[in-house]
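Take a walk through this structure, one step at a time.

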There are 6 protein chains.
Amino acid sequence: MRILVINPNTTQSMTATIADAATRVAGRDTEILAVTSSMGPVSIEGYYDEVFAVPGLLLELAKAPALRVDAAIIACFDDTGLDAARALADIPVIGICEAAVSATAFIAQKFTIVTTMERSRLPLEHLVQRYGMSSRCKVRAADIPVLSLEEAGSNARERLREEISLALRQDRAEAIVLGCAGMADLTAELRAEFGVPVIDGVAAAVKQAEALVSMGLSTAKRGAYATPVAKPYRGLLDMFQPGRSGGMPEGG
Amino acid sequence: MRILVINPNTTQSMTATIADAATRVAGRDTEILAVTSSMGPVSIEGYYDEVFAVPGLLLELAKAPALRVDAAIIACFDDTGLDAARALADIPVIGICEAAVSATAFIAQKFTIVTTMERSRLPLEHLVQRYGMSSRCKVRAADIPVLSLEEAGSNARERLREEISLALRQDRAEAIVLGCAGMADLTAELRAEFGVPVIDGVAAAVKQAEALVSMGLSTAKRGAYATPVAKPYRGLLDMFQPGRSGGMPEGG
Amino acid sequence: MRILVINPNTTQSMTATIADAATRVAGRDTEILAVTSSMGPVSIEGYYDEVFAVPGLLLELAKAPALRVDAAIIACFDDTGLDAARALADIPVIGICEAAVSATAFIAQKFTIVTTMERSRLPLEHLVQRYGMSSRCKVRAADIPVLSLEEAGSNARERLREEISLALRQDRAEAIVLGCAGMADLTAELRAEFGVPVIDGVAAAVKQAEALVSMGLSTAKRGAYATPVAKPYRGLLDMFQPGRSGGMPEGG
Amino acid sequence: MRILVINPNTTQSMTATIADAATRVAGRDTEILAVTSSMGPVSIEGYYDEVFAVPGLLLELAKAPALRVDAAIIACFDDTGLDAARALADIPVIGICEAAVSATAFIAQKFTIVTTMERSRLPLEHLVQRYGMSSRCKVRAADIPVLSLEEAGSNARERLREEISLALRQDRAEAIVLGCAGMADLTAELRAEFGVPVIDGVAAAVKQAEALVSMGLSTAKRGAYATPVAKPYRGLLDMFQPGRSGGMPEGG
Amino acid sequence: MRILVINPNTTQSMTATIADAATRVAGRDTEILAVTSSMGPVSIEGYYDEVFAVPGLLLELAKAPALRVDAAIIACFDDTGLDAARALADIPVIGICEAAVSATAFIAQKFTIVTTMERSRLPLEHLVQRYGMSSRCKVRAADIPVLSLEEAGSNARERLREEISLALRQDRAEAIVLGCAGMADLTAELRAEFGVPVIDGVAAAVKQAEALVSMGLSTAKRGAYATPVAKPYRGLLDMFQPGRSGGMPEGG
Amino acid sequence: MRILVINPNTTQSMTATIADAATRVAGRDTEILAVTSSMGPVSIEGYYDEVFAVPGLLLELAKAPALRVDAAIIACFDDTGLDAARALADIPVIGICEAAVSATAFIAQKFTIVTTMERSRLPLEHLVQRYGMSSRCKVRAADIPVLSLEEAGSNARERLREEISLALRQDRAEAIVLGCAGMADLTAELRAEFGVPVIDGVAAAVKQAEALVSMGLSTAKRGAYATPVAKPYRGLLDMFQPGRSGGMPEGG
């Protein structure tokens with residue numbers, strides 16, 4: 001089984017962290033292909049960045065048939081472009097927020113997502129609402145830039161720890177979800193430190209992808225995820241025009 | 001007062017219909033600037049098309065300061081790119097679905113949106129849920145392509161009428177919302193024919209834009225609509241990189 | 001266009017404040033007729049007062065055809081009598097809470113209403129729930145009598161400012177809605193002071209009324225807003241008996 | 001124990017039906033005082049009638065201390081004026097819709113209210129939502145005038161039966177709630193006929209009133225049900241001005 | 001009228017407290033039969049205990065026909081086994097949480113349940129949600145073992161008082177519900193002390209049982225409460241096998 | 001990795017079907033131990049049966065440490081006893097309804113569960129609501145006894161097919177969830193027949209169990225799933241008394 005993990009943040013070093021987290025939990029027969037999008041923001045922080053991350057993400061996803069992968073993962077906690085990706089692809093596509101929230105619901109009745117930027121809090125709350133978990137899952141922001149997680153000398157990891165402590169004291173949280181793909185390497189140490197389940201979305205998405213592939217399941221095409229209608233696209237992005245070859249762009 | 005109406009469908013003839021509907025209700029002191037996006041799909045039908053409509057839409061919106069407009073309208077019923085547009089702009093930005101639903105709520109307790117494609121139904125239901133109207137507003141699809149509304153000889157308008165009839169008989173609908181910018185020219189005749197209020201989102205958005213400008217209100221920047229963070233964007237879309245000049249792209 | 005603004009609080013000086021706020025935002029072609037109800041409480045504070053404010057309000061509304069007005073506004077933040085008014089009138093009727101909440105939703109994702117009396121908080125929360133905004137809009141009370149807003153020497157305006165500060169610090173509010181018609185004159189100074197959008201319901205209702213009239217829309221009569229059934233009314237209030245002349249009382 | 005049952009419909013014959021239903025279930029030590037309001041519509045059909053039924057209702061309720069009653073019931077299925085009545089009175093006040101829905105929830109998981117006029121359906125749905133039963137309780141209307149229930153030769157009772165049949169076939173209803181005080185005399189025969197629990201709100205309210213009195217409970221006065229503030233009332237309704245004598249009007 | 005009150009906690013002294021509370025509010029013609037289950041945990045604290053309390057509870061309930069009782073009450077605030085009990089019995093069965101919450105809703109718009117163990121808080125929140133009261137009713141835990149309420153020298157009652165104080169200060173609670181059958185004897189003194197309505201579920205359930213019996217109502221059998229299907233039960237619990245005699249076990 | 005699959009229906013032949021479905025999707029390194037409970041109903045059909053299925057289920061689960069299994073699955077679509085099982089065990093415990101619904105949400109926005117008995121429909125709707133999927137997932141019943149699925153000559157499978165057809169035509173279902181462990185062997189043929197994703201809960205639960213174990217996650221013990229308090233249990237079920245040996249019963 002081959003799983004394509006796409007980092008829509010165009011930052012190579014973050015992809016390395018994500019690839020590690022994915023590989024660590026993958027089954028013996030699973031091969032992880034982690035790629036960095038070549039178009040768009042170096043980090044996705046809020047609604048505007050999301051828009052410009054999606055074309056690059058879909059470009060990587062469009063290579064899926066050529067790469068003979070069985071499932072794809074969008075490795076950004078905003079589940080950026082998930083709906084469009086599901087419409088485009090014939091293989092299952094998993095968002096890491098969706099996967100993390102879904103897995104946590106099997107082990108805790110109340111839990112808290114701790115994310116990076118305050119401006120990502122409301123979009124994540126909308127995802128949580130859409131995934132049916134509003135009454136069980138709170139969202140907190142440590143108010144740190146995404147890339148500061150990787151910077152030597154930043155206080156990002158301390159701020160993250162402070163927010164986890166608050167979640168445990170004030171939210172009745174029974175478990176903590178790490179709200180950014182760039183936090184995946186901290187899972188083990190935060191579990192040891194806080195003594196509660198700590199869930200990383202990248203790992204959760206890999207296992208969910210394996211699960212769907214094992215069961216022979218893929219995205220239902222009867223509703224809003226129907227394959228895009230062939231039609232002209234004008235201007236700069238015309239290479240994405242559906243129907244150019246079998247309902248999918250040809251890739252880069 | 002000047003209002004920029006952006007058609008994110010890259011089809012000029014649809015923009016003409018939209019411009020007419022906007023001009024018909026605009027106040028005496030309001031000037032309507034209707035523009036067609038130069039990038040992306042000729043019609044927006046579902047999640048995939050939405051992705052590729054947004055960059056072109058934001059490109060037009062980025063010209064707002066140069067055009068000295070006071071508010072902007074996104075003239076596609078999916079409210080495509082609305083969140084990113086609000087983060088980008090300093091002027092109010094209005095979606096036509098949001099405006100239509102909001103206006104209708106003042107005159108009817110139960111109402112139905114009739115849209116074009118079945119695949120747009122679920123995305124519209126998500127919008128209706130987000131706008132707080134799930135218990136009052138149903139969504140129906142006439143199952144017609146967007147551009148068929150303009151085609152001589154198509155049965156699109158008959159199908160639309162059939163679906164309106166069903167809404168009145170089965171949904172307890174007291175009013176009908178036209179779920180596509182391309183239906184704006186039908187408002188008057190459908191009102192006359194069915195004897196109930198029929199609401200077009202383009203008109204509703206123009207009046208809502210005038211209202212916000214008159215009250216001196218614009219998008220709050222304290223939360224998720226904060227101005228995008230300056231950062232590098234890679235590849236094809238790097239011209240959209242925030243912070244290049246005053247937190248906004250330079251336009252085309 | 002003529003808009004009838006009815007103050008159901010029987011206090012003339014409050015009507016003056018309301019008329020000012022209405023006139024300030026009205027379009028060049030809009031004439032504002034602000035009237036004070038002649039029956040009922042001097043200020044509406046809670047459920048009991050509401051009951052006795054409505055007959056006087058409807059009495060003024062019944063004069064609408066004679067006054068040739070195009071829309072009516074109920075200038076009390078409890079949206080007192082709104083449903084009955086919509087059943088009675090053939091023109092659009094707007095409540096100022098509904099209008100304020102609806103307008104604010106276009107510019108902020110989270111916001112807080114600051115009202116006067118603690119006892120009005122729950123009724124306003126019910127309105128917010130009915131308008132579909134419970135997850136976005138909180139209600140706070142400054143715990144001040146309505147008429148104290150006008151009294152020289154009262155600390156009402158300080159209390160209001162304190163509560164706004166709390167809303168901004170504790171509610172993640174991105175904008176503030178003034179929860180009483182009697183606060184309309186404070187809008188500009190509170191905006192300047194707090195640096196966030198501050199919304200007054202009277203202004204919002206005027207613009208909403210203009211919008212509906214421009215679009216040629218009025219209350220749908222297919223459901224619960226159907227014209228009252230002609231029937232005998234007994235006792236003191238028999239002058240309100242529907243059907244006496246065209247389904248409406250003759251006025252005063 | 002004495003329970004005041006107020007019929008806010010100013011129709012004596014309906015009060016007789018209500019009094020019978022109340023007396024039939026009252027405990028051995030309970031005395032029922034059924035009174036007809038002297039002011040307002042002969043039947044309450046929709047929002048407009050509700051407004052003019054409340055003053056007369058409150059006038060009767062204000063006599064409660066003089067009558068030495070222990071609880072009061074509002075015998076109209078719209079729970080007309082319930083909030084204001086609770087603010088006014090020091091004794092418990094029960095609405096018959098609230099009592100019926102609450103009792104039925106102990107014996108059925110899904111049930112349907114069958115009411116009279118289509119225009120009352122939405123107001124009842126709002127009550128059901130407020131009482132927390134939206135997911136369990138549907139509302140149907142037989143589309144019959146309230147007073148037709150009493151008219152010899154009307155087809156009202158047949159229409160009611162038809163709607164009950166539909167509820168049992170289409171709503172998964174396990175029990176039926178009679179949605180009008182004027183249907184109280186039909187309870188026994190409809191139970192026998194349909195073989196399911198049939199609930200009348202008048203009976204339910206009497207038992208709920210007895211329950212609260214036995215437990216020594218009355219309306220909490222800490223929130224929105226606080227006693228009305230003393231203040232001037234102007235015009236026709238000034239006799240209702242709170243604070244004239246102990247926070248309550250003197251009655252008729 | 002005879003009401004069977006079953007204490008599913010196998011602790012006799014707690015049953016005495018419950019019997020007192022029941023008798024105090026029972027009508028003159030009501031006989032209370034309070035019994036202690038003979039199988040299961042001495043106190044029910046959380047999900048695991050609940051499982052083993054239910055068979056003993058149902059064993060007592062199965063004696064109902066022989067005892068000629070008219071209704072049954074489950075005297076544990078978790079409403080342990082309520083659904084199964086309703087499927088088993090032909091008489092009405094009342095849970096004390098359901099009864100308390102339902103009665104309180106008639107006298108307060110916002111209220112708080114104060115229970116014993118923190119681990120019971122979430123199960124009670126689920127009950128409150130199911131009873132439709134999530135937006136009105138909060139749950140707090142005093143973090144005390146159930147049986148400590150009876151122990152001389154424990155600080156359980158102080159902790160309970162502290163939590164009631166917090167509810168009144170922080171939850172906008174207008175009334176307090178005692179969240180454990182073992183608190184029933186404290187009702188009167190807590191009312192006097194805090195000056196707000198304090199509701200005990202045992203009393204509320206007795207009055208609700210009397211109400212349903214007076215109205216001639218019992219559990220609807222059309223849906224999920226249909227009588228259990230006759231079938232083999234294997235092993236230790238085979239005596240509970242439905243259909244052995246008239247669809248019910250023979251008792252002890 | 002070893003996964004314990006417990007069939008709480010005491011019917012061996014059903015366990016064989018379940019074991020097959022589990023083994024088919026299990027990873028290469030996963031060993032499936034499928035056991036049949038030795039106590040309780042031969043099939044679980046409604047609330048009453050559920051009660052008597054749980055002790056036997058927990059008895060099997062208590063053997064988990066001795067069997068050195070890493071996770072446990074409850075193979076009944078009612079997720080019978082799931083909360084108690086999570087409180088008891090230190091390993092993850094998965095319900096098949098929860099797993100099926102959760103997996104389906106990754107591939108379809110709207111879907112329908114088709115179960116056996118009408119009386120199981122409401123309990124399943126409550127599960128769906130608790131799992132946050134009420135707006136996306138409907139429940140239908142084919143109205144067939146559980147064990148009829150295995151009976152030669154029964155029309156159970158035809159009835160199931162009819163209900164699936166209705167779900168696809170009337171519910172906008174994009175995928176079908178099989179609502180009974182005993183349907184697991186039909187998955188492949190129903191997929192082929194209907195051309196939509198068909199999900200079996202047993203398979204979904206196995207993959208979810210593998211996922212949690214791979215991620216090193218188990219049930220959070222900070223809230224309502226805390227280990228049961230040691231205390232006396234009386235009567236027949238005293239062998240289940242917590243704390244007898246390490247907080248768990250000794251097994252059979």
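Two strands pair if DSSP finds at least two bridges between them. Helices (H or I, at least four residues) and strands (E, at least two) are themselves DSSP runs, numbered from the N terminus. The model is predicted: local features need pLDDT of at least 70, side-chain atom pairs count only at pLDDT 80 or more, and totals for chains, interfaces and linings use all residues. Residues are numbered from 1 along each chain as its sequence is written, chains are lettered from A and ligands numbered from 1 in the order in which they are written, and side-chain values use heavy atoms, with hydrogens and water left out.

Start with a pairing that crosses between chains. β10(A) pairs with strand β3 (residues 40-41) of chain B. The sense is antiparallel, over 2 bridges. Here A:R234 stands opposite B:G40 in β3(B).

Now widen the view. Contact means heavy atoms within 4.5 Å. By that rule, 45 residues of chain A touch 44 residues of chain B. Buried area is the accessible area (1.4 Å probe) that two parts lose on being put together, summed over both. Between chain A and chain B it is about 3,900 Å². Carbon and sulfur atoms give 67% of that area. In chain A, the residues that lose the most area to chain B are A:Y47, A:Y48 and A:R119, together 19% of what that side buries.

What about charge? A salt bridge is a side-chain nitrogen of Lys or Arg within 4 Å of a carboxyl oxygen of Asp or Glu. The rule finds 4 across the interface of chain A and chain B. B:K231 and A:E45 meet in a salt bridge, at 2.8 Å from N to O. On the chain A side, elements giving two or more residues include β3 (40-41), α2 (47-61) and β10 (233-234). The largest share, 8 residues, comes from α2(A).

Rings come next. Rings of Phe, Tyr and Trp (its six-membered ring) pair if their centres lie within 6.5 Å; planes under 30 degrees apart count as stacked, over 60 as edge-to-face and the rest as tilted. The whole structure has 30 aromatic pairs over all chains. The rings of A:F240 and B:F52 have centres 4.4 Å apart and planes at 25 degrees, so this pair is stacked. The pair runs from the segment after β10 of chain A to helix α2 (residues 47-61) of chain B.

Finally, look within chain A. A:R159 forms a salt bridge with A:E163, with the closest N and O atoms 3.1 Å apart. Both sit in helix α7 (residues 156-170), 4 residues apart, so about one helical turn separates them.
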